[in-house]
Amino acid sequence: MKKYEKVRREDYEAWYRENREYREMVKADDSRLAYHLMPETGWLNDPNGLCQFQGLYHIYYQYTPFEPTGEIKLWGHYTTRDFIHYKQEEPVLFPDQDMDAHGVYSGSAYVEDKTIHYFYTGNVKLFDRDDYDYIMGGRVSNTIHFTSQDGYHFSAKELVMNHGDYPDDMSCHIRDPKVYKEGEFYYMVLGARDVHSKGMVLLYRSMDLKKWGYFNRITTDKTFGYMWECPDLFCLDGQLCLVCCPQGVKPMGTEYQNVHQCTVFCLDYDFRENTCKLKSQLPGMVDRGFDFYAPQTFLDEKGRRILIGWMGIPDADYTNPTVNAGWQHALTMPRQLHMREGRLLQQPLEEMRELRRDRRDYDFEELDKGVEPGLVFEGRISFVTCHDMCLTVRGDVTLSYENGLLTLDMGTCGSGRTRRSVPLERLTDLHIFSDTTSLEIFVNEGREVFTTRVYGSHPGMRMEGDCSGNGIVYGLNGFIYE
């Protein structure tokens, strides 16, 4: 497929019929994950339009089926009722109109009155203009709305905002709408970059989800990155939270070590008076790992706040060898969120327990000798005491705790990934999910998380150090696809 040309459903269907061998090649790759959602072929990035509707979870995502570097963006689609059994649906959104001709970019879903309302950014690049510089000129970001009564069939696309509706001091970078309701009003957050390259979130208000008016902006006093992508505003355990992805933040000690960040602000917002206060000018990190970006949350029918993220990151200087097999990236496991004492807690969704098999219990003397759980496993280590320790998994990937610092070192298995750390007053527990080419490590009941891709076929786990406690290891089955 050609970049910067519209892609219609019939174009995709013709390509799909002609590329069976490509699909078979990707399917046969040993690096395919067992219990993470991936693209059938090509590229996957941001989760989009996450929602539960009439019992069925809809997981849409940025998708480029044609090749593994993400040139043309569609919306792919998975459905599930239990987070174990999945159906890969047909792509649902294509860059087929003038207002989204260069990509149906990220967006979200809002469910109300038996209707799913979708909002997304239609990307247009006017690269044939003399003033095209990608930042201040030659790019159009359209905010587009459509609806569905079932998650499969959709109304016509409707342009609800374009650049003329954004403040005059904004650059061309405005995108990624997400809707939050407070009282009688709907509020939409949009990631933005102003003319001075200060990152922020624009806040719009509506009575009917169709007509939107500028309401406010949320930002730090001093510049914290040049662009805040993928904003998500929600209330969690009584605390209003803003999760977003600031770009261009310099590292500060162990903080903000990735090329782009994923952070969480706690807000005091008086919507009646339209006043906003950030509880801290330096936000907390949502994930400490190498491969976590653009998460999106939603409230399911059980009242759970569920997060799914992109297990990847843009502009990184490390690689994914799966590109050579024709595919790249995946989504994280679904996580349930809580807020405790001003800290975001993330825990694997309870449904993931259904994947467990072959429980094995170990004391620390046995872990010191090493165990062989294979590549696909769940490990839980509970510490009674821990002065220092070093846990080795996947050959030479280590997670070490010394002098109050927990460090993930990728060794030779990182394909360019090195090490990431977090200070801890004490280490109480580790909850490790290992898949064929990924690790998700939850620390101290999910107060910290490390998410990373990992490459290497060396199974085994061994722990040494001055510590006491016990460990449990489960083998894990993979997702089941219809």
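Predicted model: local features only at pLDDT ≥ 70, side-chain atom pairs only at ≥ 80, totals over all residues.
User: Into which domains is the protein divided, and how far apart are their C-alpha centres?
Analyst: Domain bounds come from an automatic or database domain assignment. They give domain 1 (9-348) and domain 2 (354-481). The C-alpha centres of domain 1 and domain 2 are separated by 29 Å.

User: What area is buried between domain 1 and domain 2?
Analyst: Buried area is the accessible area (1.4 Å probe) that two parts lose on being put together, summed over both. Contact (heavy atoms within 4.5 Å) involves 41 residues of domain 1 and 41 residues of domain 2. Carbon and sulfur atoms give 57% of the area buried between domain 1 and domain 2, which is about 3,600 Å².

User: Which residues of domain 1 lose the most area to domain 2?
Analyst: Three residues together account for 23% of what the domain 1 side buries. They are Tyr35, Arg288 and Phe290.

User: How many salt bridges are there between domain 1 and domain 2?
Analyst: A salt bridge is a side-chain nitrogen of Lys or Arg within 4 Å of a carboxyl oxygen of Asp or Glu. By this rule the protein has 26 salt bridges. Between domain 1 and domain 2 the count is four.

User: Which strand supplies the largest share of the side of domain 1 that touches domain 2?
Analyst: Strands are DSSP runs (E, at least two residues), and helices are runs of H or I with at least four, both numbered from the N terminus. Strand S4 (85-88) and strand S22 (343-348) each supply at least two residues of that side. The largest share, six residues, comes from S22.

User: Why does the salt bridge of Glu40 and Arg23 tie together parts apart in sequence?
Analyst: The closest N and O atoms of Glu40 and Arg23 are 4.0 Å apart. Arg23 is in helix H2 (20-27) and Glu40 is in the loop between H2 and strand S1 (42-53), so the pair ties together parts whose separation in sequence is 17 residues.

Key: Residues numbered from 1 in each chain as written. Heavy atoms only, no water.
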